[in-house]
Amino acid sequence: MSDLALEFAGEWFRPDPGSVFEIGREGDLALDDNPYLHRRFLQVTHASGLWWLVNAGARLSATVSDAAGGVQSWLSPGNSLPIVFPSTSIVFTAGPTTYELLARLSAAPYAEIRSEEPEGGATTIGMIPFTVSQRQLVVALCEPMLRRDGTGLSEIPSSAEAAARLGWTTTRFNRKLDNVCEKLDRVGVKGLRGGSGGLATNRRARLVEYAVASRLVTAEDLPLLDLSDDDGREAE
């Protein structure tokens, strides 16, 4: 039988295959006393020879990806998916706080394969062209997550806070945010746009979840925050 271990903020947990392991404000893995977080949000179960991640919540979704960020799923309420990779990242947001857990699976049925460009060494999976200022915006929103040591929780900056971090006006930041969300929506990233009512209210949180889980930005991109308008960034 495959052996599963979950890590959160440096603490490891080993679910029992004979019972349901619960994750949330309460449960076997009590994450945080966050009123926006379900008391019982995620469940880990073992059935048919596989470990499963179940969304037992009513409102929140989770972004689940392999460690390389090449395979990603959006786990909405009432749905489940198998944990099949050696390392699986589980990212979700409740209110202003984003959480990341890591699942380690020995004897995993699937392996992670990274494809590299011959010259730059950048991964080819999920590469979407962004301007420098668009990448700056994503990094500014993800900065608290990117500066963590390992998994855990962090606060998502408000639009005003992220704009100030970049030296931008909030109007400019929101316009760039519209462009980034539209670009990702066109390639099929869920949760960044609403229906006829317009943009989704939680798009900043969803953007952070996607960017961190897919490795769209990493800690190596943090120097982008120190670029000024005179450093060769494209015109508005």
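Over which residues does pLDDT stay under 50? The stretch is residues 115-126, for which the model has 13 contacts beyond four places in sequence. Here pLDDT is the predictor's confidence in each residue, from 0 to 100, and a contact means heavy atoms within 4.5 Å. Where pLDDT is low, the predicted coordinates should not be read in detail. For the chain, the mean pLDDT is 87, and 86% of the residues reach 70 or more.

This is a predicted model, in which local features need pLDDT of at least 70 and side-chain atom pairs count only at pLDDT 80 or more, while totals for chains, interfaces and linings use all residues. Residues are numbered from 1 along each chain as its sequence is written, and side-chain values use heavy atoms, with hydrogens and water left out.

**Helix H1**

Helices (H or I, at least four residues) and strands (E, at least two) are DSSP runs, numbered from the N terminus. Helix H1 covers residues 132-146 and spans only 18 Å between its end C-alpha atoms, whereas a straight helix of 15 residues would span 21 Å at 1.5 Å a residue. The expected span is 1.5 Å times one less than the number of residues. H1 has a kink of about 40° at Ala140, shortly before the proline Pro144. Such a bend is the angle between axes fitted to the seven residues ending at a position and the seven starting there.

H1 is also mostly covered, since 12 of its 15 residues are buried. Buried means under 20% relative accessible area, exposed over 50%, and partly exposed in between (1.4 Å probe, protein chains only). Among the buried residues of H1 are Leu137, Ala140 and Leu146. The partners against which the buried residues pack include strand S10 (87-94), strand S11 (97-105) and helix H3 (170-186).

Ile128 lies in the loop between S11 and H1. Because its relative accessibility is 15%, Ile128 counts as buried. Leaving aside residues up to four places away in sequence, Ile128 touches Lys183, Leu184, Val187 and Tyr210. Ile128 and Lys183 are 55 residues apart in sequence, yet their C-alpha atoms are 8.5 Å apart in space.

Ala107 is found in the loop between S11 and H1. Ala107 has a positive phi of about 50° although it is not a glycine, and Ala107 is exposed, with a relative accessible area of 67%.

**Strands and turns**

Strand S7 (residues 62-66) and strand S8 (residues 72-75) run antiparallel and are joined by four bridges. Two strands pair if DSSP finds at least two bridges between them. Ala62 stands opposite Leu75 in S8. Five residues lie between the strands of this hairpin, in which Gly69 takes a positive phi near 80°.

Ser48, in the loop between strand S5 (42-47) and strand S6 (50-55), has a positive phi of about 55° although it is not a glycine.

**Aromatic pairs**

The structure holds five aromatic pairs; two are listed below.

| Pair | Centre to centre | Angle between planes | Arrangement |
|---|---|---|---|
| Phe92 and Tyr99 | 5.3 Å | 20° | stacked |
| Trp168 and Phe173 | 6.4 Å | 50° | tilted |

Rings of Phe, Tyr and Trp (its six-membered ring) pair if their centres lie within 6.5 Å; planes under 30 degrees apart count as stacked, over 60 as edge-to-face and the rest as tilted. Both Phe92 and Tyr99 are buried, and together with Phe41 they form one aromatic cluster. Trp168 is buried, with a relative accessible area of 8%, and Phe173 is buried at 0%.
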